[in-house]
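User: I would like to learn how to read the features of a protein model, one at a time. Could you take me through this one, giving the general idea before each case?

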Amino acid sequence: MADLLVDCPTGLAGDMLLAACFDLGVPRAVVEEPLALLGLAGAYQLTVEEASSGGLRGLRLQVSARGDRQPHRRWGDLRAQIEAAALAEPLRQRVLRVFAALAAAEARVHGMPEEAVHFHEVGAIDSLVDVVGVCAAITHLAPDRLLCQPPPAGRGTVATAHGVLPVPVPAVLELARQHRLPFRGGEDQPEGELTTPTGLALMAVLADSFAPWPSFAVDGLGVGLGHRQLDRPNLLRLIRSDRAAAAQWQELVLQEAWLDDASPEDVAALAESLRQAGALEVTTTPALMQKGRQGLALAALLWPQDAEALRRIWLARGPTLGVRERRQGRWVLPRRGGHCPSPWGPVRVKQVRRPGGECTVKVEHDELQRLSQSSGQSIDRVRLTVLAEAERFEATEAWRW
């Protein structure tokens with residue numbers, strides 16, 4: 001399992017992101033093929049060269065238009081062009097979402113409908129290459145998570161097609177507001193625009209988190225250089241981190257009610273309704289209630305986003321007049337589904353990666369029962385036979401938490 005970590009101490013821009021992807025090993029064909037499908041072959045020249053900034057190496061990228069002057073594209077026209085192209089669906093959706101985020105921000109800033117937004121800079125060929133290229137590169141790298149450090153806000157002013165604007169420029173601030181993204185401020189930052197609308201829109205769509213990173217091990221590194229000369233190296237670093245042995249913390253909610261006026265059938269029906277609505281676990285524990293009555297503590301463990309839906313089930317379908325709720329969590333190891341061979345054919349199992357990288361296999365219990373009944377062997381004998389073939393495990397799922 002691998003993460004991609006975006007470190008952007010002096011800038012977050014589309015060309016820097018794309019250059020870092022190339023430096024990390026993404027082939028140029030990954031970027032150029034979807035651009036050709038959009039009808040842009042021959043419309044641009046992409047130059048990627050080894051360079052240095054502040055004494056540190058990296059790749060610097062330059063996109064220039066070929067032929068006639070590139071038009072200012074309306075969002076509606078650009079969307080139709082993307083939807084009509086024969087792009088792979090995951091890539092198409094990512095590109096559409098990035099441009100939709102830019103259109104929503106520009107529309108808000110200029111007080112116009114999104115369909116009418118003209119992308120003066122974003123619709124130009126260089127920004128099309130940046131957006132499509134970065135989306136294609138990240139899709140190719142296929143990280144389990146993409147984590148971005150809070151980007152620098154910058155300070156001062158910048159000259160744009162709309163005149164001299166304060167930094168961060170209005171579209172960048174609007175993107176941050178709409179997507180609830182943090183900036184990193186401070187008087188120690190260089191003057192000028194450090195985070196561009198294109199760079200922030202890409203991360204708003206592609207990144208899973210804008211926060212300080214957990215501990216990590218470096219498995220690969222790509223460095224993309226900016227074009228401006230600063231008082232420090234102007235670079236963005238894309239770090240591939242192997243987190244194979246890491247456990248992940250998951251935020252959960254525990255909902256609970258104590259019942260002494262429900263039949264076993266009613267409790268079973270309520271528990272099943274909670275499970276069908278998304279509860280991860282539903283348990284019952286004997287409880288001594290008021291006046292010495294025997295009762296049950298019924299508890300459901302669930303994802304925070306499901307709390308409101310399950311709360312309604314407790315209060316609408318159960319006898320309780322209230323439900324207790326508290327936040328808690330759990331540490332979980334990565335796991336994936338697959339098969340192990342056996343004398344009775346492939347057997348469904350779950351593979352777990354332990355701290356230190358060791359993988360262990362657990363046989364699904366319904367599989368043990370099925371094979372025990374069909375073979376006449378005990379469950380213990382079936383389990384031992386399957387586990388003896390753990391080294392021949394074949395995955396049918398990606399790693400998940």
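User: Where is Leu 221 found?

Analyst: Leu 221 is found in strand 10, which covers residues 218–225. Please keep in mind throughout that this is a predicted model.

User: Is Leu 221 buried, partly exposed or exposed?

Analyst: The general idea is to look at relative accessible area, where under 20% is buried, over 50% is exposed, and anything in between is partly exposed. Leu 221 has 44% relative accessibility, so Leu 221 counts as partly exposed.

User: Which residues form a nonpolar patch on the surface with Leu 221?

Analyst: The nonpolar patch on the surface is formed by Phe 216, Val 218 and Leu 221, and together they have about 270 Å² of accessible area.

User: How much confidence does the predictor give to the protein?

Analyst: Where pLDDT is low, the predicted coordinates should not be read in detail. Here the protein averages a pLDDT of 89, and 95% of the residues score at least 70. Among the elements, the highest mean pLDDT, 96, belongs to helix 1 (residues 14–23), while strand 5 (residues 118–119) has the lowest, at 68.

User: How many residues does the largest nonpolar core have, and which have the most contacts inside it?

Analyst: A nonpolar core is read as a set of buried residues joined through their side chains. In this model the largest one has 70 residues, and those with the most contacts inside it are Val 6, Phe 99, Met 203 and Leu 206. Helix 5, residues 125–141, gives the most to this core, contributing ten residues. Apart from this core lies another, of 16 residues, which includes Val 253, Ala 257, Leu 259 and Leu 274.

User: Which residues is Met 203 in contact with, leaving aside its neighbours within four places in sequence?

Analyst: With those neighbours set aside, Met 203 is in contact with Val 6, Leu 12, Leu 17, Leu 146, Cys 148 and Phe 210.

User: How should I read salt bridges, and what is the count here?

Analyst: Side chains of opposite charge can pair when their charged atoms come close. In this structure the count comes to 23 salt bridges. One of them joins the side chains of Arg 237 and Asp 7, at 2.6 Å from N to O. This pair links distant parts of the chain, since Arg 237 is in strand 11 (residues 235–242) and Asp 7 in strand 1 (residues 2–7), 230 residues apart.

User: Are Arg 237 and Asp 7 buried, partly exposed or exposed?

Analyst: Arg 237 has a relative accessible area of 35%, so it is partly exposed, whereas Asp 7 has 11%, so Asp 7 is buried.

User: Which residue forms a salt bridge with Arg 155, and which parts does the pair tie together?

Analyst: Arg 155 pairs with Glu 187, and their closest N and O atoms are 3.9 Å apart. Because Arg 155 lies in the loop between strand 6 (145–148) and strand 7 (157–160), and Glu 187 in the loop between helix 6 (170–179) and helix 7 (197–206), the pair ties together parts that are 32 residues apart in sequence. Arg 155, at 26% relative accessibility, is partly exposed, while Glu 187, at 66%, is exposed.

User: Which residue does Arg 240 pair with?

Analyst: Arg 240 forms a salt bridge with Asp 219, the closest N and O atoms being 3.4 Å apart. Arg 240 is in strand 11 and Asp 219 in strand 10, so this pair too links distant parts of the chain, 21 residues apart. Salt bridges can also share partners, as they do in the network that joins Arg 348, Asp 366, Glu 367 and Arg 370.

User: Which peptide bond is cis?

Analyst: The peptide bond from Val 167 to Pro 168 is cis, and its omega is near -5°. Pro 168 lies in the loop between strand 8 (163–166) and helix 6.

User: What is the phi of Ala 142, and what is that of Lys 291?

Analyst: Neither is a glycine, yet Ala 142 has a positive phi of about 50° and Lys 291 has a positive phi of about 60°. Ala 142 is in the loop between helix 5 and strand 6, and at 55% relative accessibility Ala 142 counts as exposed. Lys 291 is in the loop between strand 13 (281–288) and strand 14 (294–302), and Lys 291 is exposed as well, with a relative accessible area of 76%.

Definitions and conventions:
Residues are numbered from 1 along each chain as its sequence is written. This is a predicted model: local features need pLDDT of at least 70, side-chain atom pairs count only at pLDDT 80 or more; totals for chains, interfaces and linings use all residues. Side-chain values use heavy atoms; hydrogens and water are left out. A nonpolar core is a set of buried Ala, Val, Leu, Ile, Met, Phe, Trp, Tyr and Cys residues joined through side-chain atoms within 4.5 Å. Buried means under 20% relative accessible area, exposed over 50%, partly exposed in between (1.4 Å probe, protein chains only). Helices (H or I, at least four residues) and strands (E, at least two) are DSSP runs, numbered from the N terminus. Contact means heavy atoms within 4.5 Å. pLDDT is the predictor's confidence in each residue, from 0 to 100. Patches are made of residues with over 30% relative accessible area and no salt bridge: like charges are joined within 9 Å, nonpolar side chains (Val, Leu, Ile, Met, Phe, Trp, Tyr) within 5 Å. Accessible areas come from the Shrake-Rupley method with a 1.4 Å probe; for residues, only the protein chains shown count as cover. A salt bridge is a side-chain nitrogen of Lys or Arg within 4 Å of a carboxyl oxygen of Asp or Glu.
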